[in-house]
Amino acid sequence: MALAAGAAFRFTNLGSLEMSPDEGASWAAASAPSAAEVIARQPALNPGELPVHDLSLHAWIAFFGSSLAAMRALSAAFGVASILLVYLVVCELFEESALTRDDVKTVAGLSALLFAVNLVTIKYSHEARMYPLMLAAILAQVAMFLRTLRVGGLANFAAVVVLTAFAIASNFAALLMPATEGLWLVCIVAGAGRRPDNAAAKRAWVIAIALAAAGLILVPKLFSSIHAVSAGGVGGWRKPPAWYEPFALFNKATGSFAFPILAALAIWGAVRGWRRGARDPIAFGLLWMWAPPLMMLAASYTIAPVFVERYALSCFVPFFILAALGIFELPGDLVRAGALALAVAFSLGHIVSYDRKPHDAQYREAIAAADSALKPGETMTVVPSYAIEVLRYYLPPDQRDRAVRYEPSTSPAAVLILGDQNPAPGAAQSYRSEYPQVVARLRGVTVLRK
């Protein structure tokens, strides 16, 4: 049921929204004529990752084309795979708990269903970006981490190294997960004390070495990419988050009506699971839920604002797991069914409410308006400048040279497409002074001419 519902939501209306500037960067890298060229383009277009997603999208385009629906279908496929991975994570998490195997399967199924029908896990599957791949990689890594911590094994330790490196390579925000796991390993070692014969502590030390090895593999690229991001001013528009943002994160992501129900179920699940004796799974779930947003909050105040929902997608998984456990711990099948129905119904209501409002900018219409306003030999440009790839995507291949990157004070373009999202203070007025004639006002964008 979870897979069927999740697939339906993730593959429906994939082409309804227009291309976003971020998707334009992914398309520009993935549409290169060769894999070598994808690798060459990727650092400038998507500096916060290695070319894992761009190469995957490059191969996907070769088979299915570069329409928006086709490119987003890759993300939808990773989104569906994540539903199954949630099931596997729950099975590993509660394998040695007080729950019976049948109970664990029930909680796993409920967790997968809550994950499948929640908007925060669906909307990113509708974007041709790397985040669904990152989430799937993180979930696979967590499942292997938990399994290795439980049974050890050389092959499992090696798999932890590979999956950790792969997850981080898909997007460097995935570093939040091994950092969280590192905290859990510290707790295990500290709990073991000075007992040298403690098998769990021994495995924890080896896993810590495996996580460090995975990080060391990517250290050179991590530093070079961080330097590229800083030099390019990427993320400079973001504001420092409020202190309560880690708490508000779950409310915003799951919906104001669904959140109280899910939160109450999660609290009940944590309390009942703890009393039942599943203390380690509950403790790990709570750490996984709260450590990533708190680390983003700390980094936002000490380094640069990085509190972004999509960077911490995996922390919603333990929230749904605890809510699923809360449903399971309710007395009687009728009460459980009612709680599940409420949680699913309000989650679906959040999806319906979200879909009623537009969430894209009309770049395609703006490009058509700009093209009609251009005289022979003139060019168009766009602000923010990284949206230039959207212009090139929608223009015919033989006219893409009519779109040029914006250069302050020296832009040769006759027409400017001005995006309304996250402008720097006073920037919009400056652009309007340079381009005083209004050609068209559209959703999310304004077309201006000199």
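Colleague: Is Leu84 buried, partly exposed or exposed?

Modeller: Leu84 is partly exposed, with a relative accessible area of 45%. Keep in mind that this is a predicted model.

Colleague: Where is Leu84, and which patch is it part of?

Modeller: Leu84 sits in helix H5, residues 68-93. Together with Leu3 and Leu88, Leu84 forms a nonpolar surface patch that has about 250 Å² of accessible area.

Colleague: Switching to charges: how many salt bridges in the whole structure?

Modeller: A search of the whole structure gives 15. One of them pairs Glu23 with Arg72, with the closest N and O atoms 2.8 Å apart. That pair links distant parts of the chain, since Glu23 is in helix H2, Arg72 is in H5, and they are 49 residues apart.

Colleague: Are Glu23 and Arg72 buried or exposed?

Modeller: Glu23 counts as buried at 3% relative accessibility, and Arg72 counts as buried at 2%.

Colleague: OK, what about Arg101 and Glu95?

Modeller: Their side chains also meet in a salt bridge, 2.8 Å from N to O. Arg101 is exposed because its relative accessible area is 57%, over the 50% cut-off. Glu95 is partly exposed at 31%.

Colleague: New topic, helix H14: how far does it reach, and where is the kink?

Modeller: H14 covers residues 279-302 and reaches 33 Å from first C-alpha to last, close to the 34 Å expected. The kink, about 30 degrees, is at Ala291, shortly before Pro292.

Technical notes
Residues are numbered from 1 along each chain as its sequence is written. This is a predicted model: local features need pLDDT of at least 70, side-chain atom pairs count only at pLDDT 80 or more; totals for chains, interfaces and linings use all residues. Side-chain values use heavy atoms; hydrogens and water are left out. Helices (H or I, at least four residues) and strands (E, at least two) are DSSP runs, numbered from the N terminus. The expected span of a helix is 1.5 Å times one less than its number of residues. The bend at a residue is the angle between axes fitted to the seven residues ending there and the seven starting there. Patches are made of residues with over 30% relative accessible area and no salt bridge: like charges are joined within 9 Å, nonpolar side chains (Val, Leu, Ile, Met, Phe, Trp, Tyr) within 5 Å. Accessible areas come from the Shrake-Rupley method with a 1.4 Å probe; for residues, only the protein chains shown count as cover. A salt bridge is a side-chain nitrogen of Lys or Arg within 4 Å of a carboxyl oxygen of Asp or Glu. Buried means under 20% relative accessible area, exposed over 50%, partly exposed in between (1.4 Å probe, protein chains only).
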